[in-house]
Amino acid sequence: MTRRTLVVLIAILLVVIPLSAAPPTPRPIPKLVVILVVDQMRADYIEKFGQHWTGGLRRLLDEGAWFREAAYPYMTTVTCVGHSTIVTGSFPNTHGIVSNQWWDRATGKPVNCVADAAETLVSYGAPAKGGTSTRNLLVPALPDELRVQLPVPPRIVSMSVKDYTATTMAGRRADVAVWFNAAARSLASSSFFGAAPVPFVAEFVKAHPVEAEFGKAWRKLLPDSDYLYADDAPGENPPAGNASTFPHVLRGAGDTIDADFYTAWVESPFSDVFLGQLAETSIDRLKLGRGRGTDYLAVSFSALDFVGHRYGPRSHEVQDVLARLDQTIWSLLAHLDRSVGRANYVLALTADHGVAPIPEQIAAAGLSAGRIPTADLVARVERALEPMLGAGKHVAHMVYNDLYFEPGVFERLQANPAAMRAAMDAVRSMPGVARVFRSDELDHPFASAEDRIERAALATFLPGRSGDFIIVPQPYWIVGAGSKGTTHGTPYGYDLRVPLFLLGKGIRKGQFLTPAAPVDIAPTLAFLCGITLPAADGRVLGEALLPVPAPGQAPSAPRKQ
């Protein structure tokens, strides 16, 4: 090799591999991760009712990253499934929570998604029975991975008025995991998270007794002219002893505090205010976001779900819950700004599912809508199978849209095609049923599904926990919701489409029309925290992330949308 050739090679190497290349700039990690879930919040509530919001929800619209096309891609859109999806970043067929409950074929009993007989209830009030855990969750949640992967263990706080939402969002361990327990008439936790009440939570309960709100009236926050649609519409289902129009007075069956009073409180905006205040107290007492590591706070606001089931998505009650929640979230965001600092936390807000319109209201508008009574559907299947399989009980149970046969019956149907056809035809003959899937047909990969509805069924289906028949109602038809009110749990837009907002450290504000889903929240937050999720089905919402400046470069200002 000549001297000239050697000089040329060295010059090329210096160009290709600069000896003074600076290492990449690491992405700054937030000091606090916050997940807010608004139980049963439909995406279209923003367009319909958002013009009257001036607080926290308005700030998310003005300052956050808003994914306007966010929707769940699976079928069983119910609470425990949604919360599990949000905190794991995986679909139900991965994380294992296929419904709020499912039928245990071995014991012949229903299984609650978080109930755990090996645990005991830790009460902040009267003694009560029961215990919860996340042992039914098949993959770790985001707080678990924060605890395992970060050098400084996080402080983990999760709260709701529902046990299965607070439990699920907490993961495997938590400093605080609490909910409202009707038997305890107060907050409660599980021995899974600790053997005794947390002292500052006990102090909060004593200082903010629910009983102090007995006799309080829930009145409209906004002027009457700001509420859309008719009040007291057909199909609404107010609680016993209460009016179907405002004001709604928090009281029991009589003039004393009883179980009915606590139900009325839980199903009012005042329970959301209570949670917001407890979240603010937790931030202060645990110094969330002010330590050396990254902490985690999850709050699930449940009032909208209870009110939506009773009064429907067009009701003045739903609109008022949202207007008041706007104020509650404003207070929480302001508290985060003061205590943690705007530049130190990242927040996601979404919902676990939407809700169907009340069928009677849709039918009155001339569209096909109605109710599919579970007992009637089961009776049709039994009548169809009796000539084929003989007398006796063939259907064990129905949970939402899942039908479970008695042990051995489905295997007999598989061996008898005529009997299988008879059972499926019986289901299809029920008014309001669109399709029915057999469990042995849902054994192929999600991506190979022929249509959207089949993909939705596959994403929820897990052998052993899901039903033998998966029943898909027609649009605006609901399964097993009684004679009034409404529910959710279908693969249609009113159940699938939910809000999805990101706000805070590392987030680019703006509106995004790219495909997104709540399953993307945990992967995105994990990326911002510099960790990975072992079984994520979601993606990092990179379009909403601010770029990391190159070495020596000043951070760029957020791009105007």
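Guide: His353 is placed in the loop that runs between strand S12 (345–350) and helix H13 (359–364); helices (H or I, at least four residues) and strands (E, at least two) are DSSP runs, numbered from the N terminus. This is a predicted model, in which local features need pLDDT of at least 70 and side-chain atom pairs count only at pLDDT 80 or more, while totals for chains, interfaces and linings use all residues. Residues are numbered from 1 along each chain as its sequence is written, and side-chain values use heavy atoms, with hydrogens and water left out.

His353 counts as buried because its relative accessibility is 0%; buried means under 20% relative accessible area, exposed over 50%, and partly exposed in between (1.4 Å probe, protein chains only). The side chains of His353 and Asp352 are joined by a polar contact of 3.4 Å. Such a contact is a pair of N or O atoms within 3.5 Å; within protein, one must be able to donate a hydrogen and the other to accept it, and residues adjacent in sequence count only if both atoms are side-chain atoms. Leaving aside residues up to four places away in sequence, His353 touches several others, including Tyr72, Thr77, Val78, Thr79, Asp305, His488 and Asp495. Contact here means heavy atoms within 4.5 Å.

In H4, 10 of the 10 residues are buried, so the helix is largely enclosed by the rest of the structure. Gly89 follows H4 and has a positive phi, near 70 degrees.

Gly171 lies between helix H7 (163–170) and strand S7 (176–181), and Gly171 is buried, with a relative accessible area of 0%. The C-alpha atoms of Gly171 and Arg135 are separated by 9.3 Å, although these residues are 36 residues apart along the chain. Beyond residues up to four places away in sequence, Gly171 touches Thr134, Ala141, Pro143, Asp144, Phe192 and Phe193.

A sheet may be considered next. Four strands form an open sheet in the order S14-S15-S17-S16, with antiparallel pairing; two strands pair if DSSP finds at least two bridges between them. Strand S14 (395–399) and strand S16 (433–438) are the edge strands, each pairing on one side only. S14 is joined by four bridges to strand S15 (residues 402–405), and the two run antiparallel. Within this pair, Met398 stands opposite Leu403 in S15. S14 and S15 form a hairpin with two residues between them, and Tyr400 in the turn has a positive phi of about 55 degrees. Four of the five residues of S14 are buried, so S14 is largely enclosed by the rest of the structure.
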